[in-house]
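Please look at the aromatic side chains in the structure below. The paragraphs that follow go through them and then turn to the chain as a whole.

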Amino acid sequence: MKKLLVIFLAGLLVYSCAKVPITGRRQLAAVSHEEIMPLVNEQYDQVKKESKLLTNTKDGQLIVKVGNRVANAVETFLIQEGYQDLVDDFEWEFNLIESDQVNAWCMPGGKVAYYTGILPITQDELGIAVVMGHEVAHAVASHARERMSNAMVANLGLSVFSAAMGQNPTLMQQIFLQSVGIGSQLGMLKFSRKHELEADELGLIFMAMAGYDPREAPVFWERMAAAGGEAPPEFLSTHPGPDRRIERLNAKMPKALEYYKK
């Protein structure tokens with residue numbers, strides 16, 4: 001009986017796995033998009049309600065322009081590669097929020113926010129595209145859903161989402177907030193080192209797909225590192241360090257340039 005149970009659990013884990021586009025990395029996907037999005041929409045709406053939105057300003061409209069340009073290019077690529085189901089899950093939204101925090105983030109489904117504090121480092125449209133590619137990558141790679149799936153397994157075993165919500169809604173709410181990295185009154189997102197590096201790699205390719213020169217990415221990270229001083233900006237707080245990111249970005253550059261030159 002124990003052997004059968006192990007086989008069943010192993011099979012369930014395999015069934016609950018998904019694959020990240022381009023990188024091909026396998027990830028746990030025990031939570032569906034349909035299950036997580038009501039929580040995402042509620043939290044994103046709360047952030048907008050509690051923040052001063054500058055989306056209708058000149059800077060805000062530039063954020064929207066770059067966001068749509070990157071998202072449209074990525075969706076076109078994903079459809080060509082057979083990821084229509086993934087594209088159907090996106091509900092892109094881009095907002096600029098007044099805050100001194102040097103940060104930007106993306107929730108599942110493509111709910112993106114930029115803080116005005118990062119604009120002096122992005123400097124222009126190309127710099128914004130570097131950050132936008134990175135944030136869109138978090139959505140495409142379903143990083144928050146993966147973190148939530150892993151946390152559910154660790155805390156609840158192989159429990160289904162609806163049953164877990166019914167049994168312990170407080171714990172599930174905590175797991176969700178941790179998965180999307182809610183860490184302040186404005187809802188910052190923090191991802192693991194593995195996810196950050198994967199988002200760097202994908203983001204480099206995504207900005208290139210949208211017609212933005214990916215060679216700007218290492219330059220942006222040099223500016224970000226210089227802005228850190230003794231207290232690194234929030235965008236750097238979850239590691240890896242900028243030197244490692246720059247090294248990896250340069251290593252991935254030939255592949256990104258292939259998309260940029262198409």
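F90, W92 and F94 make up one aromatic cluster. Rings of Phe, Tyr and Trp (its six-membered ring) are paired here if their centres lie within 6.5 Å; planes under 30 degrees apart are stacked, over 60 edge-to-face, and the rest tilted. The count by this rule is 5 aromatic pairs.

In one of them, the ring centres of Y44 and W105 are 5.9 Å apart and the planes stand at 90°, so this pair is edge-to-face. The pair joins distant parts of the chain, with Y44 in helix α2 (residues 33-50) and W105 in strand β4 (residues 104-107), 61 residues apart. Y44 and W105 are buried, where buried means under 20% relative accessible area with a 1.4 Å probe, protein chains only.

For F77 and Y259 the centres are 6.0 Å apart and the planes at 85°, so this pair is also edge-to-face. Here F77 belongs to helix α3 (residues 58-80) and Y259 to helix α12 (residues 242-260), 182 residues apart. F77 and Y259 are both buried.

The model is predicted: local features need pLDDT of at least 70, side-chain atom pairs count only at pLDDT 80 or more, and totals for chains, interfaces and linings use all residues. Residues are numbered from 1 along each chain as its sequence is written, and side-chain values use heavy atoms, without hydrogens or water.

Over the whole chain there are 12 helices and 5 strands, taken as DSSP runs numbered from the N terminus (helices H or I, at least four residues; strands E, at least two). Of its 262 residues, 54% count as buried.

How values were computed. Buried < 20%, exposed > 50% of the residue type's maximum accessible area, 1.4 Å probe, protein only.
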